[in-house]
Protein chains: 2
Amino acid sequence: MPVPAPPTERRRGPRRALTEDDILDAALSLLDEGGADAASVRGIAARVGVAPNAVYTYFPDKAAVVKALVERLLGEVDHDVFADRSRPWRERVEALALDLRQHLSAHPGAVGLMIGGPMDGPQALALNERLLELLADAGLAPADAARASYLLIVYVFGSIALEVADVHEPGPLPAEAQRIAGRQAAFAATPPDAYPRSSAAATTMAGYISTEQYLWGLHRILDGLVTRGGA
Amino acid sequence: MPVPAPPTERRRGPRRALTEDDILDAALSLLDEGGADAASVRGIAARVGVAPNAVYTYFPDKAAVVKALVERLLGEVDHDVFADRSRPWRERVEALALDLRQHLSAHPGAVGLMIGGPMDGPQALALNERLLELLADAGLAPADAARASYLLIVYVFGSIALEVADVHEPGPLPAEAQRIAGRQAAFAATPPDAYPRSSAAATTMAGYISTEQYLWGLHRILDGLVTRGGA
DNA sequence: ACAGAGTTTGTACGGTGTGCAGGAGAGTTC
DNA sequence: GAACTCTCCTGCACACCGTACAAACTCTGT
């Protein structure tokens with residue numbers, strides 16, 4: 001604790017009607033209901049019942065709101081699950097990857113905001129730290145662990161980004177089976193003469209958004225990491 | 001050619017002052033100069049010298065402009081380079097990955113637009129088709145080739161997305177060395193007591209955005225694909 | 001010459017993020 | 001208790017966004 005001083009120090013002026021978290025709550029619910037466009041400053045302010053510019057008392061600008069929101073979502077992942085060193089490391093990576101995917105795709109509108117910014121907050125760093133620990137446990141040298149951690153992050157966020165990019169309407173993601181069926185219908189329109197292989201692989205491609213494909217890719221990456229730990 | 005009919009059929013009414021390509025040119029240049037926000041319908045119209053709503057003669061809405069622009073950029077990659085079956089397949093995948101990265105990061109503002117939509121146009125399909133061919137040449141069964149193709153696409157677009165997300169100002173990407181130096185400076189501020197591993201790996205992490213790291217990750221993925229081609 | 005289709009423009013509406021001036025509440029100091 | 005000061009919230013305003021509508025103009029087919 002680098003701040004031992006006054007936690008209960010009352011500020012001057014009138015008490016705040018809101019907290020930063022109230023604003024983030026409103027932003028997140030708007031994001032979930034209406035997509036990225038719905039999470040406007042005016043919308044947030046209306047939801048918490050203040051004038052639009054009152055938001056600027058809590059955050060300097062809208063970018064700060066989304067930054068804080070991203071941090072909060074990243075903080076929701078349970079670090080203990082994959083910090084448990086008694087479990088095999090592959091299992092722990094898998095648990096982390098699944099956890100991240102579940103948490104992030106629960107808020108599809110927020111995914112675009114994450115990959116739109118640098119993702120360099122404390123929670124992002126903490127996550128990276130855990131990943132480095134985990135890969136060190138796997139026997140990777142520090143430099144390789146760092147590279148591998150980035151590779152995994154790219155895979156996780158890239159997967160989720162492409163996944164949510166495929167759904168057109170805002171709101172919560174439909175069930176997996178439903179989305180796959182929709183993609184299957186879309187891929188059926190692929191002209192087989194122009195794209196023979198794509199057309200033949202349509203069924204597999206429709207399943208790109210499935211947990212199964214997600215794990216398949218993850219396993220291939222983990223395989224690649226162990227077959228050649230060196231540079 | 002499924003359209004043998006009249007290519008020179010003159011429409012009624014006055015001749016168009018522009019072409020669709022003029023609009024895409026303007027959109028792309030604005031995107032490159034001022035980032036995603038600068039590519040507004042009004043900005044595009046001003047650049048080509050018409051009223052804002054004249055754009056709607058050529059495209060139904062802004063989303064269609066973005067979609068066409070994405071398709072055009074995807075069409076810029078030279079398919080012949082990695083369609084040459086005499087070269088080893090790993091080399092061809094590498095060439096494709098590098099080509100894509102170069103083309104896409106030449107227009108950083110466009111990257112967000114790509115992963116914001118479904119990426120299901122003809123050029124995207126053609127790219128996928130080539131990748132499937134390539135992976136079939138590598139000896140993968142069709143279903144595995146499809147999965148592997150998606151894995152590679154996720155990696156390529158995920159990498160580039162995270163890469164451009166790190167640069168704050170719009171405009172063309174700075175040189176690689178310059179960006180790495182900037183990241184190094186940023187990572188130096190990481191508190192070593194809270195994040196010991198991240199702090200120790202700062203130098204490696206600063207290089208995340210390098211071509212070297214990009215290829216390292218790609219090679220790990222390719223290793224993972226060959227060590228276990230089956231499900 | 002005329003009709004009609006197609007292109008462009010002016011105007012306008014509702015939305016966005018955000019700066020500025022002023023008013024109201026709550027602590028601090030006399 | 002009065003005065004001061006600091007903070008929060010508000011109303012208003014600006015510049016911008018995407019885009020719908022109707023009018024004006026230009027060209028082609030008859």
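User: What makes residues of chain A count as in contact with chain B, and how many are there?

Analyst: Two residues are in contact if their C-beta atoms, placed from the backbone, lie within 7 Å. By that test, 44 residues of chain A are in contact with 44 residues of chain B. This is a predicted model, where local features need pLDDT of at least 70 and side-chain atom pairs count only at pLDDT 80 or more, while totals for chains, interfaces and linings use all residues. Residues are numbered from 1 along each chain as its sequence is written, with chains lettered from A and ligands numbered from 1 in the order in which they are written.

User: Which helix gives the most to the side of chain A that touches chain B?

Analyst: That's α8(A), with 14 residues. Helices here are DSSP runs (H or I, at least four residues; strands are E, at least two), numbered from the N terminus.

User: How do you know what classes of residue make up that side of chain A?

Analyst: Ala, Val, Leu, Ile, Met, Phe, Trp, Tyr, Cys and Pro count as nonpolar, Asp, Glu, Lys and Arg as charged, and the others, Gly among them, as polar. Sorted that way, the side touching chain B has 23 nonpolar, 13 polar and eight charged residues.

User: What makes α6(A) largely enclosed?

Analyst: A residue is buried if 20 or more other C-beta atoms lie within 10 Å of its own, exposed if 12 or fewer, and partly exposed in between. Seven of the nine residues of α6(A) are buried, so the rest of the structure largely encloses this helix. The buried ones include A:P108, A:V111 and A:M114. Their cover includes α1, α3, α5 and α8 of chain A, together with α8 of chain B.

User: What makes a residue near a DNA strand, and which come closest to DNA strand D?

Analyst: Near means that its C-beta atom, placed from the backbone, lies within 6 Å of the strand. For DNA strand D, 25 residues surround it, and the closest are A:G13, A:A17, A:V50, A:A51 and B:S40. Helix α2 of chain B gives the most to that surface, with three residues.
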